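Take a walk through this model, one region at a time. Keep the sequence and the 3D view side by side.

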Amino acid sequence: MPEYYLGIMCGTSLDSLDFSLCRFGKVNQIKIFKEYKINPTLKDQINMCKNKPNNMSLFRKTDNDVTDFIVLCLNKFIASAKIKNIKAIGFPGITVKHDPKNKISRVLGNSEVIAAKIKINVIGNFRLTDMKVGGEGAPLTPYFHDYISTFHKSFINIINLGGFANLTYKSDNKTNAFDTGPANYLIDLISNKYFGLPFDKNGMLAKKHKANEKALLGMLSHNYFNCPIPKSTGFETFNFKWVNKFIKKYNIRNKNTLIATITQLTIITISDAINSSNLDSPDIFFSGGGSRNTFIKNSILKRTGLNEIKSLPFNINYKNLESASFAWLAMKRYNGEMIKKNYITGAKRSRKLGIIYR
């Protein structure tokens, strides 16, 4: 009987919980992929928790609500899938605080409670187990990206355009990865606040207007972009409070100018990261919700000269890649396998990623 592993992922945009039911080994297969939309009330509650990560009463309330929602979705998924041999579920949680220096990874979604209610092993706390041995705790999906490339004629560099962008690449025959900086997170904030839209579809708002060059240069001077790898970042650093400093300093009153400026920040920081990484292969795959933003994608391709790969092995696509990654990481942890190439996150040694909750 084939063994299955389920990966659950929720991106920074909080649009949905993504479920990928997978097989790995002699047969690699994304058997089923489903999305479960997060209702606006819960989404607002999660965002409030992100904005107040040290408010523990708010965290506990939100954690309970998120856990209940995940259990509800899992029950629906398992009933509809009609597959009983699910060995483990990989769920990294919804991050509300990421602080590698102090080895803090606070996430919503209680893996222990989920395991007890669903009666299936849940692998959680992936980031924390990496931090405990000196790693950044992110990005972790590149380990799966590396595995995917063994089924392709050349290494497939992958840029994940989620709330924040992370690049997986090979240089001098060595696989590496890091967060390049903001991708959709700031753009979505501006789209929602000033345009009443959840996102800038195809980049059409930004495409029509010019950036404030002085503000853009100021944003690009942030020391994160020049930090050596390994490195990771998130909304703790790049958020509306950060953007607002530039709005005030450069007196940006036009919302069109603002979204154009923030979009160029994404394009330039990703392109510069790629161009400075000496990629062995010219092939790149775009994943995450931002891969549907044709303006951003085409601008990156133009600046880097890379060749876009539009499909990945065994039916992996831009939607299911991240959740499938955590199904694979769950499989590795369930089988007690060490994750090597610790230099990707800066961990001091090979380690088992994740904690098994039964």
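Leaving aside neighbours within four places in sequence, which residues is Thr180 in contact with? They are Ile159, Ala165, Asn166, Leu167, Tyr224, Phe225, Thr269, Ile270 and Ala273. Contact here means heavy atoms within 4.5 Å. Thr180 itself lies in strand S10, residues 174-182. Its relative accessible area is 3%, so Thr180 is buried. Buried means under 20% relative accessible area, exposed over 50%, and partly exposed in between, with a 1.4 Å probe and protein chains only. Helices (H or I, at least four residues) and strands (E, at least two) are DSSP runs, numbered from the N terminus.

A word on the basis of all this. The model is predicted: local features need pLDDT of at least 70, side-chain atom pairs count only at pLDDT 80 or more, and totals for chains, interfaces and linings use all residues. Residues are numbered from 1 along each chain as its sequence is written, and side-chain values use heavy atoms, with hydrogens and water left out.

Turn next to helix H10, residues 255-275. Its axis and that of helix H6 (residues 185-195) come within 9 Å. The two axes cross at roughly 170°. H6 and H10 are therefore roughly antiparallel to each other. Axes are lines fitted to C-alpha atoms, for helices over the stretch in contact, and angles run from 0 to 180 degrees between N-to-C directions. Angles under 35 degrees count as roughly parallel, over 145 as roughly antiparallel, 65 to 115 as roughly perpendicular, and the rest as oblique.

The H6 side of this contact consists of Leu186, Ile187, Ile190, Ser191, Tyr194 and Phe195. They meet Lys255, Asn256, Leu258, Ile259, Ile262, Thr263, Leu265 and Thr266 in H10. By class, the contact of H6 with H10 has 9 nonpolar, 4 polar and 1 charged residues. Ala, Val, Leu, Ile, Met, Phe, Trp, Tyr, Cys and Pro count as nonpolar; Asp, Glu, Lys and Arg as charged; the others, Gly among them, as polar.

Helix H8 (residues 213-220) also packs against H10: the axes come within 10 Å and cross at roughly 45°. That makes H8 oblique to H10. The crossing is right-handed. A crossing is right-handed if the near helix is turned clockwise from the far one by less than a right angle, and left-handed if anticlockwise. From H8, Ala215, Leu216, Met219 and Leu220 take part. Their partners in H10 are Thr261, Ile262, Gln264, Leu265, Ile268 and Thr269. The residues of this contact divide into 7 nonpolar, 3 polar and no charged.

Now look at the loops. The peptide bond from Ile229 to Pro230 is cis, with omega near 0°. Another cis peptide bond joins Ala138 and Pro139, where omega is about -10°. Pro139 sits in the loop between helix H4 (126-131) and helix H5 (142-149).

Positive phi values also turn up in loops. Asn251, between H9 and H10, is not a glycine, yet its phi is near 50°. Asn251 is partly exposed, at 47% relative accessibility. Asn315 is likewise not a glycine, and its phi is about 60°. Asn315 lies in the loop between strand S12 (307-308) and H12. With a relative accessible area of 60%, Asn315 is exposed.

Of the 14 residues in H12, 13 are buried. Gly336 follows the helix, with a positive phi near 70°.

What does Ile339 touch, not counting residues up to four places away in sequence? Tyr143, Leu329, Lys332, Ser350, Arg351 and Leu353. Ile339 lies in the loop between H12 and strand S13 (355-357). At 4% relative accessibility, Ile339 counts as buried. Arg349 is 10 residues from Ile339 in sequence and 9.1 Å away in space, C-alpha to C-alpha.

Finish at Lys37, in strand S3, residues 29-37. Lys37 is exposed, at 58% relative accessibility. Lys37 touches Asp15, Ser16 and Phe69, not counting residues up to four places away in sequence.
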